[in-house]
Structures are given as C-alpha cells and as structure tokens.
Amino acid sequence: MAVDYDTILIEDGTVFEAVGIDSKEVTKMIEIISSMEKKRVFISLSSKCVLYYLLKQQADYDMEIKLIGGGFGKDVTGNMTIRRKSLTCLMPEKTELLYLTGERSIKAFHPGHASIFF
C-alpha cells in the first residue's frame, strides 16, 4: 500500500518569527493541513530554529545531513544521520551513514564498510 506525502519546504523558519508568527502556530497549521488532506507530511527545514526543534519532537523520522571538509581525493562527501522514533524505547533508533555524491548519483554506506548499497 503506497502512502501519499505532501511536501512542505521551509527554507528559513526564522522568517515566521520575524513577522510575528509563533512557531507553535506554524506546527498547528501543519497538523491541520495533514488532517484535512489525509496524507502524511514531509517537511524540509534548512535552518535550526525554534520551529525545527518543535517539529523534531513530533516527527516520526529526522534526517540530518552534514558535509565533510574539502580536499582533493575525497572518498566521502558527507555524513547522514537518520533517527526513527521508536514506540518501544524512549531513545530514537539511530543510523549513521556516509555518502558520496557523483554526477547523477548518491552512494551511501556504513562507516568502515566499502560495500555501497545505493
């Protein structure tokens, strides 16, 4: 069974604060959109602000992507951390992956392993 997602891209969550909109009101708006459309909502935030931390508490999944420093012969572009909220444990399940970006591909692998699975 496929699940439809609505995507909400918020480039800078501090804009809401700058115009006087409380972050809690934004989370309520997202909940209303999700319940009206009967779809799961995928939200992408590029900055860590009050809204980010409020939504992170409610999220089923949280993915953080960090670039690793420059250099010429790079075998790794960055580090990807995926946290999944667990119903059986208070701490979220955490997976750390390294990734390498190519011209038209992203290859992800576990640290210490040469086997690439994407």
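1. Of the 118 residues of the protein chain, 22% count as buried, where buried means under 20% relative accessible area, exposed over 50%, and partly exposed in between, with a 1.4 Å probe and protein chains only as cover. This is a predicted model, in which local features need pLDDT of at least 70 and side-chain atom pairs count only at pLDDT 80 or more, while totals for chains, interfaces and linings use all residues. Residues are numbered from 1 along each chain as its sequence is written, and side-chain values use heavy atoms, with hydrogens and water left out.

2. On the overall arrangement, the protein chain holds 3 helices and 6 strands, and along the sequence these follow the pattern β-α-α-β-α-β-β-β-β. Helices (H or I, at least four residues) and strands (E, at least two) are DSSP runs, numbered from the N terminus.

3. Turning to strand pairing, strand S3 (residues 61-67) and strand S4 (residues 78-84) run antiparallel and are joined by 7 bridges, with Ile65 having Met80 in S4 as its bridge partner. S4 also pairs with strand S5 (residues 93-101), again in the antiparallel sense and over 7 bridges, and here Ile82 stands opposite Thr95 in S5. Two strands are taken to pair if DSSP finds at least two bridges between them.

4. The loop between S4 and S5 contains Ser86, which counts as buried at 12% relative accessibility. From C-alpha to C-alpha, Ser86 and Tyr61 are 9.7 Å apart in space, although 25 residues separate them in sequence.

5. A search of the whole structure finds 6 salt bridges, each defined as a side-chain nitrogen of Lys or Arg within 4 Å of a carboxyl oxygen of Asp or Glu. Asp62 and Arg83 form one of these, with their closest N and O atoms 3.1 Å apart. Because Asp62 lies in strand S3 and Arg83 in strand S4, the pair ties together parts that are 21 residues apart in sequence. Asp62 is itself buried, with a relative accessible area of 12%.

6. Another salt bridge brings together the side chains of Lys66 and Glu64, at 3.7 Å from N to O, and Glu64 is likewise buried, with a relative accessible area of 16%. Through salt bridges that share partners, Asp62, Glu64, Lys66 and Arg83 are joined into one network.

7. A nonpolar one of about 260 Å² is made by Val15, Val19 and Ile21; Ile21 sits in the loop between H1 and helix H2 (23-37) and counts as partly exposed at 37% relative accessibility. Patches are made of residues with over 30% relative accessible area and no salt bridge, like charges being joined within 9 Å and nonpolar side chains (Val, Leu, Ile, Met, Phe, Trp, Tyr) within 5 Å.

How values were computed
Accessible areas come from the Shrake-Rupley method with a 1.4 Å probe; for residues, only the protein chains shown count as cover.
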